[in-house]
Amino acid sequence: MTFSRPFSYLILACVIVFNIQSCNDEPYEIIPVVDSDSDGILDDFDNCPFISNPNQLDDDKDGIGNLCDDDFINTENTPLAICKNGFADIYPCNDYDLMANIPLTIFGATAGNDCWGWTDTTTGKEYALMATSHNTAFIDITEPTAPIYLGNLPTATSSSPWRDVKVYKDHAFVVADCSLGNDPNCNDNHGMQVFDLTRLRNVPNPPETFTADTHFTEFGKAHNIVINEDSGYAYIVGANRSSTYLGGPIFINIQDPKNPVAEGGFSEGGYSHDAQVVTYNGPDSDYSGKEILIGSNENEVVIADVTDKANPTIISTISYANVWYAHQGWFTQDMKYFILGDELDEARAGNNTRTVVFDFTDLDNPAFHFDYYGESAAIDHNGYVKNDTYYFASYRAGVRMLNISNIGNSSFTEVGYFDTYPTNNGTEFNGAWSIYPYFSSGNIIVSDLDRGLFIIRKSGS
């Protein structure tokens with residue numbers, strides 16, 4: 001039998017189509033790309049896949065990263081003073097060791113105030129940012145028992161008892177407040193300094209005196225700066241009470257860190273001493289995805305929706321019994337509760353250290369939940385939540401650590417402390433100002449008004 005040439009071509013085309021279709025029908029495996037700890041190293045190649053370690057350090061060469069290796073002995077984490085029998089050297093303690101202490105004189109300062117931290121995701125190094133009376137100091141604490149003072153960014157104006165620093169996109173943002181509003185010599189022009197932290201990777205002759213990459217001057221003094229890293233906005237709080245927004249939050253777009261842009265502000269809630277701003281994912285579904293500001297506004301707490309910078313709105317406000325000065329607070333991890341410190345109640349009402357807890361399940365109807373009282377009458381200051389622990393500075397009582405896992409049953413338990421002011425736990429403004437507990441290594445930094453920078457770690461960690 002013979003076939004015509006066109007018919008032969010038709011058969012060949014059918015064979016090709018069949019083969020192609022058969023190949024497409026074959027099952028194939030999708031290989032997932034997973035980076036569980038978000039350190040830039042895929043799990044298949046990561047020597048410590050569930051703990052961020054971008055530098056992949058493996059000092060004993062056993063294929064397991066130092067941070068995950070149970071048999072690795074890290075001499076860098078051998079404390080300067082172990083917490084034993086209630087003391088680490090001269091400092092009262094419970095379950096927290098002293099790694100290092102750098103006095104204020106090293107920084108060329110007379111007083112310490114706030115602190116924050118930065119982890120360089122490229123190198124894995126950790127840095128303490130210590131705000132002082134005269135400057136902002138930068139310290140490499142990657143080896144916590146051998147910290148390296150790299151230098152400082154001097155104040156933009158005069159010395160100040162209040163300086164605040166936060167971090168976004170590898171840049172530090174610094175503000176300062178030079179008076180309570182009644183000092184005729186107060187220089188009101190500090191504004192916001194922006195410093196590129198990647199410059200700290202190569203400092204050939206530390207300590208160096210740095211200059212700011214940007215000096216933003218569309219506001220003057222400010223008591224604090226708050227940053228929502230999810231949105232790329234900074235919120236300036238505690239500016240001059242006679243300024244445009246009366247000391248309420250000023251909105252600054254810092255998505256391009258060296259080129260900040262002012263986008264309005266919010267005066268309706270009154271003067272805001274401090275705040276936390278989050279992209280909300282808590283229990284109140286009415287506000288899911290909204291940018292929510294919680295302002296500690298002296299005599300009350302203000303909850304506001306600041307998603308639309310041209311039209312910020314107050315959601316609700318709440319005060320509490322024996323309010324003296326609503327100072328600063330922080331959400332729990334699930335955003336169900338808000339933990340607040342009142343800075344003046346110990347001195348003016350005579351109570352022991354009080355921590356005020358609110359139930360924010362319904363942002364439209366916040367409710368008082370309970371008061372927690374400490375064992376001394378020391379004044380509480382800045383506090384932050386990490387997982388089920390509330391870390392807060394308590395001036396002469398040092399820093400305290402509370403287990404808050406039973407918060408639903410109106411119960412906290414103190415599980416640790418490190419007292420940077422060993423003389424006493426009196427009701428005075430000396431000692432621990434702030435604490436930063438967010439380094440993945442376990443290093444914790446504490447800024448002390450009198451004794452400078454402390455680096456501590458949980459015992460045995």
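Modeller: What follows treats the disulfides, then the salt bridges, and then the nonpolar residues. The model is a predicted one, and every value below is computed from it.

The count of disulfides comes to 2. One of them joins Cys48 to Cys68, with a distance of 1.8 Å from S to S. This link is right-handed, with 65 degrees about the S-S bond. Both cysteines are placed in the loop between H1 and S1, 20 residues apart.

Another disulfide joins Cys83 to Cys93, with an S to S distance of 2.1 Å. The link of Cys83 and Cys93 is also right-handed, here with 105 degrees about the S-S bond. Cys83 belongs to the loop between H1 and S1 and Cys93 to strand S2 (residues 91–94), so this pair ties together parts that are 10 residues apart in sequence. Cys83 has a relative accessibility of 16% and counts as buried; Cys93 is buried as well, at 2%.

The salt bridges number 13. One of them brings together the side chains of Lys458 and Asp95, at 2.4 Å from N to O. Because Lys458 lies in strand S31 (residues 452–458) and Asp95 in the loop between S2 and strand S3 (96–102), the pair ties together parts that are 363 residues apart in sequence. Lys458 is partly exposed, with a relative accessible area of 39%, and Asp95 is partly exposed at 26%.

Arg199 and Asp213 form a salt bridge at 2.9 Å, N to O. Arg199 is in the loop between strand S10 (192–196) and strand S11 (208–209), and Asp213 is in the loop between S11 and strand S12 (214–216), so parts that are 14 residues apart in sequence are tied together. Arg199 is partly exposed at 29% relative accessibility, and Asp213 is partly exposed at 32%.

In a further salt bridge, the side chains of Glu414 and Arg400 meet at 3.0 Å, N to O. Glu414 is in strand S28 (residues 413–418) and Arg400 in strand S27, 14 residues apart. Glu414 is partly exposed at 28%, whereas Arg400 is buried at 11%. Elsewhere, Asp342, Asp345, Arg354 and Asp371 are linked in a network of salt bridges.

The nonpolar residues complete the picture. The largest nonpolar core has 67 residues, and Ile139 and Phe418 are those with the most contacts inside it. Beyond its neighbours within four places in sequence, Ile139 is in contact with residues including Ile102, Phe107, Tyr127, Met130, Ile148 and Leu453. Another core, of 19 residues, lies apart from the largest one; Ile303, Tyr320, Val356 and Leu363 are among its members.

Leu42 is placed in the loop between helix H1 (5–25) and strand S1 (87–88), and its relative accessibility of 35% makes it partly exposed.

Tyr395, in the loop between strand S26 (389–393) and strand S27 (399–403), is buried, with a relative accessible area of 3%. Leaving aside neighbours within four places in sequence, its contacts include Glu343, His381, Tyr421, Phe429, Trp433 and Leu449. The C-alpha atoms of Tyr395 and Asp448 are separated by 8.0 Å, although these residues are 53 residues apart along the chain.

How values were computed:
Residues are numbered from 1 along each chain as its sequence is written. This is a predicted model: local features need pLDDT of at least 70, side-chain atom pairs count only at pLDDT 80 or more; totals for chains, interfaces and linings use all residues. Side-chain values use heavy atoms; hydrogens and water are left out. A nonpolar core is a set of buried Ala, Val, Leu, Ile, Met, Phe, Trp, Tyr and Cys residues joined through side-chain atoms within 4.5 Å. Buried means under 20% relative accessible area, exposed over 50%, partly exposed in between (1.4 Å probe, protein chains only). Contact means heavy atoms within 4.5 Å. Helices (H or I, at least four residues) and strands (E, at least two) are DSSP runs, numbered from the N terminus. A disulfide is a pair of cysteine sulfur atoms within 2.5 Å. A salt bridge is a side-chain nitrogen of Lys or Arg within 4 Å of a carboxyl oxygen of Asp or Glu.
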